[in-house]
Amino acid sequence: MCILMMNEIRELRDNEKEFIYLIASWLCLVDALDDYDKDKKKGNYNVFINAYKDATTKQELIDKHGVDISVIFGSLLDEVAFLATKLQYKFNHDLINNVLLGGLKNQTKLIMENKKCKKTK
């Protein structure tokens, strides 16, 4: 299965590869931010713990470095939005753009504000 996926990735165009890289980067960073307190407590590696050694909690990290972190996520999501315009969609263009342009930004905001996503039944 991995070999098939690697063959498909090799066939992607540069914009598509960059797009996947940016989405993966967002996912890693937003997960690191969300897991900050847990990683700090357990001594796990976390990019934000490594980069901002003066913060002891996620809230302190946001209070001290929230502007920097917002710029990081903003730049990343701006690039995602730009590359999304370069992709060829086969279906669900509006739905995909809604997730990419609104959903990722909203999820980042919720995590930066220490809010949880509302679960629906």
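Reader: Let's start with F48. Which residues is F48 in contact with, leaving aside its neighbours within four places in sequence?
Author: A contact means heavy atoms within 4.5 Å. With neighbours within four places in sequence left aside, F48 is in contact with L29, A32, L33, Y36, L61, I69 and F73. Before we go on, a word on the model: it is a predicted one, where local features need pLDDT of at least 70, side-chain atom pairs count only at pLDDT 80 or more, and totals for chains, interfaces and linings use all residues. Residues are numbered from 1 along each chain as its sequence is written, and side-chain values use heavy atoms, with hydrogens and water left out.

Reader: Okay, and how many helices and strands does the protein have?
Author: Helices (H or I, at least four residues) and strands (E, at least two) are DSSP runs, numbered from the N terminus. Here you get 6 helices and 0 strands, so the pattern along the sequence reads α-α-α-α-α-α.

Reader: How do I read a pair of aromatic rings?
Author: A pair of aromatic rings is described by the distance of the centres and the angle of the planes. Rings of Phe, Tyr and Trp (its six-membered ring) pair if their centres lie within 6.5 Å; planes under 30 degrees apart count as stacked, over 60 as edge-to-face and the rest as tilted. This structure holds 1 aromatic pair. The ring centres of F48 and F73 are 6.5 Å apart and their planes are at 35 degrees, so the pair is tilted. F48 sits in helix α4 (residues 47-51) and F73 in helix α5, so the pair ties together parts that are 25 residues apart in sequence.

Reader: Are F48 and F73 buried or exposed?
Author: Buried means under 20% relative accessible area, exposed over 50%, and partly exposed in between (1.4 Å probe, protein chains only). Both F48 and F73 are buried. Across the protein, buried residues make up 31% of the 121 residues.

Reader: What is a nonpolar core, then?
Author: Think of a set of buried Ala, Val, Leu, Ile, Met, Phe, Trp, Tyr and Cys residues joined through side-chain atoms within 4.5 Å. The largest one here has 26 residues, and F19, W26, L33, F48, L61, I69 and F73 touch the most other members. The elements giving two or more residues to this core are α2 (14-34), α4, α5 and α6. Helix α5 gives the most, with 9 residues.

Reader: Where is N46 found?
Author: Look in the loop between α3 (36-42) and α4. N46 counts as buried because its relative accessible area is 3%. Leaving aside neighbours within four places in sequence, N46 is in contact with A32, D35, Y36 and D39. The C-alpha atoms of N46 and Y36 are separated by 6.9 Å, and the two residues are 10 residues apart along the chain.

Reader: And what about G66? Which helix does G66 lie in?
Author: G66 lies in helix α5. At 10% relative accessibility, G66 counts as buried. Leaving aside neighbours within four places in sequence, G66 is in contact with L61 and M112.

Reader: Which residues does H65 touch, not counting those up to four places away in sequence?
Author: H65 touches Y52 and D54 on that count. H65 has its place in helix α5 and is buried, with a relative accessible area of 13%.
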